[in-house]
Amino acid sequence: MLFGFLIVGCLCIGLPIFIALGIGPLVELILNGEPLEGFAQTLYSGVDQYTLMAIPCFVLAGAIMGRSGITQDLVDMMKAAVGKVSGGLAIVTILACTFFAAISGSGPGTVAAVGALLIPAMKKERYDEDFAAAVGVLGVLIPPSNPLIVYGVITSASIGDLFIAGIVPGLLMSFLMMGTVFLISQVRGYAGGNAFHVRALAVSIWNGKYSLMMPVIVLGGIYTGMVTPVEAAVVAVLYALVVAMLVKRTLTFRGLWDCFTESSTVCGGLTIIMGTAVLFGEYMTMNMIPQSLAAFIIEFVSSKYTLLIIICIFLLIIGTFMETLATTMILTPILLPVITTFDIDVIQFGVIMVVTNAIGMLTPPLGLNLFVACNLTGLSLEQVSSQVIPFICALILGLALIAFIPWLSLVLL
């Protein structure tokens, strides 16, 4: 009980998540008079894992590709593909977010890179500013996804399988959001772009060939077994460097230093949280908390579909208050025994967790993507949030399909 009060209290007063996660085990060690060396050793072992090396590499690769002009290549290609469809530039934004997320593995990073370019462009095309900002927050998390890597480390599930399992659900969410954009654009009268021409599309694909090859190299290498996820991440960095500095020649050494700085900032915070999250998980395991929760749920829930509804609602609520990776690291050890008891596939559940987290990044008070869009536009959180509601409804529909149709996550495995 004291442990729960400590965590909730730390979060309520705004302390960093790593303090909230680590304070409970630390207090218990002190009260029991046990040596604190084990505390430090567990913190170190929590981040001393080979698989976690993939995260900083994917983040760095995304930063390099973003600064080398890859975003503009993607936008030009999507514009040529969409043509004069109503709301074409907003649809282009979603498509660009989808493809850039497949490079960076980061939702907020995708919003910053794509939104900074396309939100002003939509304003020029007479889209309402709050609607443009709302579309710009839709950083779809398709592989490589950093939360999927963390989930795989915690559950010992194959990260390669998790990456592959995320492809179809990620594309499904993108299609649902594009459909929402199209309907809203029809009502509001947002126009499309230039007429579709095969030649223009072919030229834009040729110009964007380097960006298109990144997901092919990463996922193709993992799927064929040629490389592990960590090796694929390293290959992604090398590929990004070659393209940015030798082929396109748009990245300077100063820009490269900025990429390293940006990636270090993101991954440094993750490292601290990951160490305390492992400590948190070990504490719960020793105190049989996940097993007790599983037994409690089994007593009242008889259907796995009822369980999935409860878990999805719970994760959506938690996602409004907690950051994505923190949610994954805290709740996965708790929920894993529960889902395995009900014979829910661990890979499918990983996709469900990432999707709920992606929705959480669009919901205040802790919607990171919303804050990025607000910073880009100068609009208030309330203005952007009101425009995001239709997209959240579409994403929840997609979440329901993913939860109740396991085939969507497992078809490519």
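Predicted model: local features only at pLDDT ≥ 70, side-chain atom pairs only at ≥ 80, totals over all residues.

Biologist: Is Leu395 buried or exposed?

Modeller: The relative accessible area of Leu395 is 6%, and a residue counts as buried under 20%. Leu395 is therefore buried.

Biologist: Which residues does Leu395 touch, apart from those up to four places away in sequence?

Modeller: Leu395 touches Met173, Met177, Ile359 and Leu362. Leu395 and Val355 are 40 residues apart in sequence, while their C-alpha atoms are 8.3 Å apart in space.

Biologist: Where is Thr180 placed, and what does it touch?

Modeller: Thr180 has its place in helix H11, which covers residues 167-188. With residues up to four places away in sequence not counted, Thr180 touches Pro390, Phe391 and Ala394. Thr180 has a relative accessible area of 12%, so it is buried.

Biologist: Is Thr332 buried or exposed?

Modeller: Thr332 is buried, because its relative accessible area is 1%. This residue has its place in helix H18, residues 324-341. Thr332 touches Tyr151, Ile154, Thr155, Thr327 and Met353, again not counting residues up to four places away in sequence.

Biologist: What share of the contacts with a separation of 6 or more joins residues 24 or more positions apart?

Modeller: That share is 79% in the protein chain.

Biologist: How is the packing of two helices described?

Modeller: The description uses the angle between the two axes and the distance between them. In this structure, helix H13 (residues 209-223) and helix H14 (residues 229-247) pack at an angle of about 160°, and their axes are 9 Å apart. An angle over 145 degrees counts as roughly antiparallel, so H13 is roughly antiparallel to H14. The crossing of these two helices is right-handed.

Biologist: Which residues of H13 and H14 meet?

Modeller: From H13 come Lys209, Tyr210, Met213, Met214, Ile217, Val218 and Ile222. From H14 come Pro229, Ala232, Val235, Ala236, Tyr239, Ala240, Val243 and Val247. The residues of this contact divide into 14 nonpolar, no polar and 1 charged.

Biologist: Is Val247 buried, partly exposed or exposed?

Modeller: Val247 counts as partly exposed, because its relative accessibility is 39%. Its place is in helix H14. Leaving aside neighbours within four places in sequence, Val247 is in contact with Tyr210 and Val242. Val247 and Tyr210 are 37 residues apart in sequence and 9.3 Å apart in space, C-alpha to C-alpha.

Biologist: At what angle do the axes of H4 and H13 cross?

Modeller: The axes of helix H4 (residues 54-67) and H13 cross at roughly 170° and come within 12 Å. This angle makes H4 roughly antiparallel to H13. Phe58, Ala61 and Met65 of H4 make the contact with Tyr210, Ser211, Met214 and Val218 of H13. The residues of this contact divide into 6 nonpolar, 1 polar and no charged.

Biologist: Where do Ser156 and Arg249 lie?

Modeller: Ser156 lies in the loop between helix H9 (146-155) and helix H10 (159-165). Arg249 lies in the loop between H14 and helix H15 (253-286).

Biologist: Are Ser156 and Arg249 buried or exposed?

Modeller: Ser156 has a relative accessible area of 66% and is therefore exposed. Arg249, at 68% relative accessibility, also counts as exposed.

Definitions and conventions: Residues numbered from 1 in each chain as written. Heavy atoms only, no water. Axes fitted to C-alpha atoms, helices over the stretch in contact; angles between N-to-C directions. Helix = DSSP H or I, 4+ residues; strand = E, 2+ residues; numbered from the N terminus. Parallel < 35°, antiparallel > 145°, perpendicular 65-115°, else oblique. Left-handed = near helix turned anticlockwise from the far one by under 90°. Contact = heavy atoms within 4.5 Å. Nonpolar A, V, L, I, M, F, W, Y, C, P; charged D, E, K, R; others polar. Buried < 20%, exposed > 50% of the residue type's maximum accessible area, 1.4 Å probe, protein only.
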